[in-house]
Amino acid sequence: MDHPRLAAQRRCKLLLLLLCARVQALAPATRSLSVVIPAYNEEIRLPPTLERTIKYLQHERAGAYEVIVVDDGSSDGTAQAVLRCRLNPASLRLLTSRTNCGKGAALVAGVMAASGELVLVMDADGATRIEELPALEAAVPLHGAHIAVGSRKAVLAQRPWLRQLMGGVFALVATSCVDQIEDTQCGFKLLTQEAAVATFPHLHVAGWAYDVELLFIAQQLGISITSVPVAWRDVPGSKIGWLTPLAMLRDVISVRLLYTLGHWHLKQPCDRTLSLYTEVH
């Protein structure tokens, strides 16, 4: 016969185990995350973004993450800067291309290489920081295809009037493709793996206006999209020139026109540049 004290201890241990199992069942599991960062001539702005992002993910997500930098044909030391930051090849991956194919094309390559249950795309300059991730993740259901897009609406209203005018004209044209998304161009977007696989392979726009086509495709497929306010800051060194807005307007008009005419469609993936990117091990 067991001593009463030993029996009580066993009962306590059993109750504790049952309680822990109950807590684990109720707590949401941390979904694995892939962070995809396109980079073109970003040897200066990228390292601080990488260091901050990796430090945050190491603390908040343990080993359930990977960061994928896509060097889109840089002529500076972008690739070398990434390799200097890479202490663990499994958590920081590098894709490179000898040709500058465009931000949209770079993101397609990175997203298609991603293995996470969630895929976050963010800019190399860290204008929206990784600390904004929980707000987007809270808006993404545990199951199914979904996209959460960062919204800089409150911050953009403080920019110079000319930048506001250019942004307003672009947003007006973008509404011909995308409904009820207040900020299509924020580089901070979170997708479930299902949404990423359903949308990114079909992108035709390789340049800056890829966001509009991405969200257009998502709405055509019935994928739910949620806008989430995020903090954003203007970081010096932007690659957007004076002619960039004109090219973006051209691309947005092309999305609306070419899908309407049937020249672009969702019947099969568009992989014109995917083979140009290779992973550096």
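Modeller: One term is needed at the start: contact means heavy atoms within 4.5 Å. The model is a predicted one. Leaving aside neighbours within four places in sequence, S151 in this sense is in contact with E182, D183, V228, P229 and V230.

Colleague: Is S151 buried or exposed?

Modeller: S151 lies in strand β5. Buried means under 20% relative accessible area. S151 has a relative accessible area of 5%, so the residue is buried.

Colleague: What separates the C-alpha atoms of S151 and D183?

Modeller: D183 is among the residues in contact with S151. The two are 32 residues apart along the chain. Their C-alpha atoms are separated by 5.3 Å.

Colleague: Among contacts in the chain between residues at least 6 apart in sequence, what percentage join residues at least 24 apart?

Modeller: The chain has 281 residues, and its secondary structure comes to 10 helices and 8 strands. Of the contacts between residues at least 6 apart in sequence, the share that joins residues at least 24 apart is 82%.

Colleague: In β6, which residue is the bridge partner of A148?

Modeller: β5 and β6 pair in the antiparallel sense. The pairing runs over 3 bridges. In β6, the partner of A148 is L190.

Colleague: Which residue in β6 does V119 stand opposite?

Modeller: β6 is also joined to β4, and these two strands run antiparallel. There are 4 bridges between them. The β6 residue opposite V119 is L191.

Colleague: Which residues of β6 point the other way from K189 and L191?

Modeller: In a regular strand the side chains alternate between the two faces of the sheet. Strand β6 covers residues 189-192, and its residues on both sides are buried. K189 and L191 point one way, and the other way point L190 and T192.

Colleague: Which residues touch the most other members of the largest nonpolar core?

Modeller: In soluble globular proteins, nonpolar side chains tend to be buried together. The largest nonpolar core here has 42 residues. The members that touch the most others are V36, I147 and F200.

Colleague: Which element gives the most to this core?

Modeller: The elements that give two or more residues to the largest core are β2, α4, β4, β5, α8, α9 and α10. The one that gives the most, with 7 residues, is α9.

Colleague: Apart from this core lies another; how many residues does that one have?

Modeller: The other core lies apart from the largest one, and I37, A39, L57 and V228 are among its members. V228 is also one of the residues in contact with S151. The size of this other core is 31 residues.

Colleague: Which residue just after α9 takes a positive phi?

Modeller: The position comes just after the helix. The phi there is about 80°, and the residue is G222.

Colleague: N41 and Q180 have positive phi although they are not glycines; what is the phi of Q180?

Modeller: N41 is found in the loop between β1 and α2, and its phi is about 50°. N41 counts as partly exposed at 22% relative accessibility, whereas Q180 is exposed at 82%. Q180 has its place in the loop between α7 and β6, and its phi is about 60°.

Colleague: Which residues form a nonpolar patch on the surface with I253?

Modeller: I253 has its place in helix α10, residues 244-261. I253 is partly exposed, with a relative accessible area of 49%. The patch has about 300 Å² of accessible area together, and the residues that form it with I253 are L257 and L261.

Colleague: What separates the C-alpha atoms of R272 and L203?

Modeller: R272 is found in the loop between α10 and β8. R272 is exposed, with a relative accessible area of 57%. R272 and L203 are 69 residues apart along the chain, and their C-alpha atoms are separated by 9.7 Å.

Notes: Residues numbered from 1 in each chain as written. Predicted model: local features only at pLDDT ≥ 70, side-chain atom pairs only at ≥ 80, totals over all residues. Heavy atoms only, no water. Patch = residues over 30% accessible without salt bridge, like charges linked within 9 Å, V, L, I, M, F, W, Y side chains within 5 Å. Areas by Shrake-Rupley, 256 points an atom, 1.4 Å probe, with all protein chains shown as cover. Salt bridge = Lys/Arg side-chain N within 4 Å of Asp/Glu carboxyl O. Buried < 20%, exposed > 50% of the residue type's maximum accessible area, 1.4 Å probe, protein only. Core = buried A, V, L, I, M, F, W, Y, C linked by side-chain atoms within 4.5 Å. Pairing = 2+ DSSP bridges.
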